[in-house]
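Please read these points with the model open.

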Amino acid sequence: MLDSPTATPSGKRLNGGILFLLAGLAALGALATNIILPAFPQIGSELAISSPELGLLLSSFFIAFAIGQLFVGPLADRFGRKPLVLGGLIGFAAGSTISALAGDLSMLLLGRIVQALGACAASVLARAIARDLFDGEALGRALALTMIAGAVAPGFSPLLGGVLSGAFGWRVLFVVVAVFGLALAWHYVASVGETHAVERRTPLAFSSVASTYRDLAADQRFLLPALAVSFVIGGLYSFFAAAPGVLMNTLALSAIQLGLSFAATVLVVFAAGFLAPRLARRHGDRGVGLLGLIVALAGGFAMFGFAAWPSFTTFTSAIVLYLFGMGLINPLGTAIALHPFGGQAGSASSLLGFLQMSCAAIGAFVASSLPFSPPASLAAVLTMAVVLAIAAFLPVFLRRSRTAPSGRAGEPEPTGG
């Protein structure tokens with residue numbers, strides 16, 4: 001564990017500039033997805049796109065995002081972070097521009113796929129850069145603070161999207177995210193630059209990449225916490241996909257009210273992200289992670305209450321529980337999964353991202369395919385996601401409990417394997 005929890009190997013500290021960069025990179029995909037949710041009716045009307053076809057704007061993004069991440073990590077481990085970060089951000093801006101100019105569904109889908117491939121590079125490398133710069137408790141703290149700051153973008157972007165699309169039309173939303181991507185590229189070059197030293201880079205060969213992924217997938221130190229986080233994140237993206245229909249149809253919320261509802265969730269993620277590293281120092285990262293999963297499970301069950309008695313109060317209660325639990329397990333589970341693999345941080349982060357977005361695509365598909373009402377389908381997906389996450393994380397928790405040396409109650413437990 002580092003003596004200073006915010007110090008980096010290069011002597012830098014986790015300041016506002018680095019935090020903004022990491023949060024912006026990590027949140028880029030969620031920003032690009034959430035900002036257009038309130039504009040779906042506009043897009044469908046102008047381009048004559050049906051509701052199921054609008055769903056392709058989400059699922060195509062998730063699938064491209066998931067697959068692209070498998071390539072980003074090995075390339076970044078071989079050639080460094082800088083060319084992949086800059087290439088991804090420029091590609092993201094290009095995809096956003098294509099989407100802004102689209103005149104039909106096929107062109108819009110093409111833009112979304114290019115957008116996703118660029119955003120996936122940014123998201124993967126946000127975690128890899130954090131792992132390059134931080135270790136142990138500092139890594140958990142960096143990821144938690146990144147999650148707090150990064151929650152602003154997906155939390156407030158539907159509100160921003162509702163306001164901008166109402167005033168200027170849906171195309172301006174893609175222009176806004178393109179400009180943001182280019183601004184991140186400039187800030188990355190000016191504030192951080194390359195973080196993966198040449199001597200730490202690994203060869204790029206198909207057999208080597210396949211072997212790395214195979215070894216990671218077979219290593220329970222990575223796979224189990226990665227699956228736990230991925231299942232919960234998959235449930236979160238299922239919520240993002242289902243919330244506009246649930247809230248606007250079931251509760252008759254307007255686009256602006258939908259945006260305000262999303263924005264309010266930021267406070268929940270703030271609270272959880274603020275508490276996660278502090279609780280982990282006192283009670284251990286695995287214990288707090290398991291607590292987060294239990295709280296999220298309560299949120300999944302509470303969503304069944306919303307399905308039975310639809311009201312804004314029952315919905316808010318359920319999603320607050322789910323988001324708070326997610327806010328605890330996400331940074332701690334991610335740190336546990338990445339900590340033992342500093343030399344393969346890019347590949348490990350890629351595989352983690354692939355698992356997360358695969359779960360997101362599957363969760364969104366299942367939520368739209370279940371023969372229940374939209375609220376009941378969302379409740380079923382959230383609950384099942386957390387049940388699977390607990391099944392994956394419980395061995396991680398029990399292994400630490402069995403092997404941890406006896407000591408004072410409340411002694412901090414280091415993050416990692």
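1. Helices here are DSSP runs of H or I with at least four residues, numbered from the N terminus. The model is a predicted one. Helix H11, as so defined, covers residues 255–283, and the residue that follows H11 is Gly284, with a positive phi near 95 degrees.

2. H11 has 29 residues, and the distance from its first C-alpha to its last is 41 Å, close to the 42 Å expected at 1.5 Å a residue.

3. The largest nonpolar core holds 109 residues; the members touching the most others are Leu25, Ile43, Phe62, Leu108, Phe239 and Met303. Helix H5 (residues 105–133) supplies the largest share of this core, with 15 residues. Another core lies apart from it and has 12 residues, including Tyr213, Leu351, Leu352 and Leu355.

4. Which residues does Ile43 contact, leaving aside neighbours within four places in sequence? They are Ala48, Ile49, Leu54, Leu108 and Trp170. Of these, Leu108 is also listed with Ile43 among the core members that touch the most others.

5. The aromatic pairs number 5. In one of them, the ring centres of Trp170 and Phe174 are 6.1 Å apart and the planes stand at 90 degrees, so the pair is edge-to-face; the cut-off for that class is over 60 degrees. Trp170 and Phe174 are both buried.

6. One aromatic cluster is made up of Phe239, Phe306 and Phe315.

Key. Residues numbered from 1 in each chain as written. Predicted model: local features only at pLDDT ≥ 70, side-chain atom pairs only at ≥ 80, totals over all residues. Heavy atoms only, no water. Core = buried A, V, L, I, M, F, W, Y, C linked by side-chain atoms within 4.5 Å. Buried < 20%, exposed > 50% of the residue type's maximum accessible area, 1.4 Å probe, protein only. Helix = DSSP H or I, 4+ residues; strand = E, 2+ residues; numbered from the N terminus. Contact = heavy atoms within 4.5 Å. Expected span 1.5 Å × (residues − 1). Phe/Tyr/Trp six-rings, centres within 6.5 Å; stacked < 30°, edge-to-face > 60°.
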